[in-house]
Amino acid sequence: MKNILLVFGGKSYEHDISVVTASQIFTKTKLENYKLVPLYVSRDNRFFVYNSEKFNLKDFSKNLFNPSNKKFKEVAFVGGEYGRLFAKSRMGLKEYIVSDTAIFACHGSVGENGKLVALFELHGIKTSAGNFDSLACCMNKFLFKQVMRGLRIPVSFGFKISREVYEKDKSVYESKIKFLRYPIILKANSGGSSIGVFVVEKKEDFEEKLKEVFEFDNEVLVERFLNHSREFNVAVIGTIDNYKISEIDEPLKEHEVLSFTDKYLSGGEKSAKIDKSLKNSMASSCRKFPAEVSKILKDRIQNFAGKIFEGLNLCGIVRIDFLYDEEKDKLYVCEVNSIPGSLSYYFFENNKILVNDLVLELIEVAERNYLNRSEFNDDFETNVLD
């Protein structure tokens, strides 16, 4: 039986959501020829194989996690050993687990910025997430805007404020802010799940809110606030040569911008915060699915989603978020969530994709993506040092 690593956790504001995603996938998956092996990335980015038949969320709580717990076995990559993770033993390091494929369920920085994917690829492990350069682009909001403009996909006007430059000379940004006009939105440039996102209503509040965002990132994205806008999400699964686009989802937000609480913690009782059903995805968030949109708008959203998926050379499951200005009939892409909460499973219910099918498809995605990337010759040798 072949081992498939289920990678989750990591040093991220979305650590806990990642644990919930992994729990959902692990609990609902029963495969004949594969064994899912939960590989937990702790809050200090250490690797642990989670050896438990039942996935207990409390084992990963910030206050209860104990690396000495017998359920956890710390492992590490060693040198150029491909597909092997090693653990300490009395005789030194000993091979503990062998796998050449990993399904990624890490949300936020360490999982979605490409660093983990690069590490796994260096050790010969195929991954279900996008390539490291694609992931890095999606995580950097300002860079993402620039690439979208290159692909001729509409984005709202915005610019980046660097903490270092701002502290030296604030006047550099004054004309740009004046051009936007209030209200404006401030976003941590490399943040996820609406962490470090604020709406600034007036000039007098700008400095205070900017300082708050700088607590999350050294770079801040400033954007025009779009009144009368609706948010739409769509998911894409596969590789650029073979992918499916889902129906469109419309989140119903309680605030001016969709917050982390709207996404994951709405519903009041703590027990309601953890949705055990993959079908409902992100806790008790309110949404319309499929969204009530015209065929013309639906086609525009799905066509843009396909162009973005291909243009960024993405793979696996991604969720792409859009804003629609109803007054001006303008559609803007906001961001790509390259490893979305619950892997956006519920988007594909209409395609009759079961959890097992989803995992099997991700295994195939990892294989196809690896083959696509290894078709070229990287064994060119020189004799410069001979």
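Let me start with a charge over a ring: Lys126 sits over the face of Tyr370, 5.2 Å from the ring centre. Please keep in mind throughout that this is a predicted model.

Staying with rings, how many aromatic pairs does a search of the whole structure find? The search turns up 28 of them. I'll walk you through two. For those who like the geometry, a pair of aromatic rings is described by the distance of the centres and the angle of the planes.

The pair I'd like to begin with is Tyr243 with Phe309, which is tilted, at 5.2 Å centre to centre and with 50° between the planes. Tyr243 belongs to strand 14, residues 242–251, while Phe309 belongs to helix 11, residues 295–311, so this pair ties together parts that are 66 residues apart in sequence. Are the two partners buried or exposed? Tyr243 is partly exposed, with a relative accessible area of 25%, and Phe309 is buried, at 0% relative accessibility.

The other pair is Phe289 with Tyr346, and here the arrangement is edge-to-face: 5.2 Å between centres, with planes at 70°. This one links distant parts of the chain, 57 residues apart. Phe289 is in the loop between strand 15 (287–288) and helix 11, and Tyr346 is in the loop between strand 17 (330–337) and helix 12 (355–373). Phe289 is partly exposed, with a relative accessible area of 23%, whereas Tyr346 is buried, at 4%.

Elsewhere, one aromatic cluster is made up of Phe8, Phe26, Tyr40, Phe48, Tyr50, Phe55, Phe60, Phe65 and Phe72.

Now, several of those elements bring us to a sheet. Which strands form the open sheet, and in what order? There are five, running 15-14-13-16-17, with antiparallel pairing. Strand 15 and strand 17 are the edge strands, each pairing on one side only. Inside the sheet, strand 13, residues 229–239, pairs with strand 14 in the antiparallel sense over six bridges. If you want a spot to look at on screen, Val236 stands opposite Ile245 in strand 14. Helix 11 packs on this sheet and touches strand 13, strand 14, strand 16 and strand 17. The direction of helix 11 makes about 130° with that of strand 14. You'll remember that Phe309 lies in helix 11 and Tyr243 in strand 14.

While we are here, let me point out Asp329, in the loop between strand 16 (316–325) and strand 17. Asp329 is partly exposed, at 41% relative accessibility. Setting aside neighbours within four places in sequence, Asp329 is in contact with Arg300 and Tyr324.

Let's move to helix 7, residues 171–180. Which of its residues are buried? They are Tyr173, Ile177 and Leu180. Looking down the axis of helix 7, the buried residues fall within an arc of 50°, so they line one face of the helix. On the other side, Glu174, Ser175, Lys178 and Phe179 are exposed. And what covers the buried residues of helix 7? The cover includes strand 9 (158–162), helix 6 (163–168), strand 10 (184–188), helix 8 (206–214) and strand 12 (219–224).

Most residues other than glycine have a negative phi, and most peptide bonds are trans. Just after helix 7, Arg181 takes a positive phi of about 70°, although Arg181 is not a glycine. Arg181 is in the loop between helix 7 and strand 10, and is exposed, at 59% relative accessibility. Pro183 has its place in that loop between helix 7 and strand 10 too, and the peptide bond from Tyr182 to Pro183 is cis, with omega near 0°.

Pro290 is found in the loop between strand 15 and helix 11.

And Ser342, in the loop between strand 17 and helix 12, has a positive phi near 55° without being a glycine. Is Ser342 buried or exposed? Ser342 counts as buried, at 4% relative accessibility.

Terms used:
Residues are numbered from 1 along each chain as its sequence is written. This is a predicted model: local features need pLDDT of at least 70, side-chain atom pairs count only at pLDDT 80 or more; totals for chains, interfaces and linings use all residues. Side-chain values use heavy atoms; hydrogens and water are left out. Rings of Phe, Tyr and Trp (its six-membered ring) pair if their centres lie within 6.5 Å; planes under 30 degrees apart count as stacked, over 60 as edge-to-face and the rest as tilted. Helices (H or I, at least four residues) and strands (E, at least two) are DSSP runs, numbered from the N terminus. Buried means under 20% relative accessible area, exposed over 50%, partly exposed in between (1.4 Å probe, protein chains only). A charge sits over a ring if NZ of Lys or CZ of Arg is within 6 Å of the ring centre and within 35 degrees of the ring normal. The arc is that of the directions from the helix axis to the C-beta atoms. Contact means heavy atoms within 4.5 Å. Two strands pair if DSSP finds at least two bridges between them. Axes are lines fitted to C-alpha atoms, for helices over the stretch in contact, and angles run from 0 to 180 degrees between N-to-C directions.
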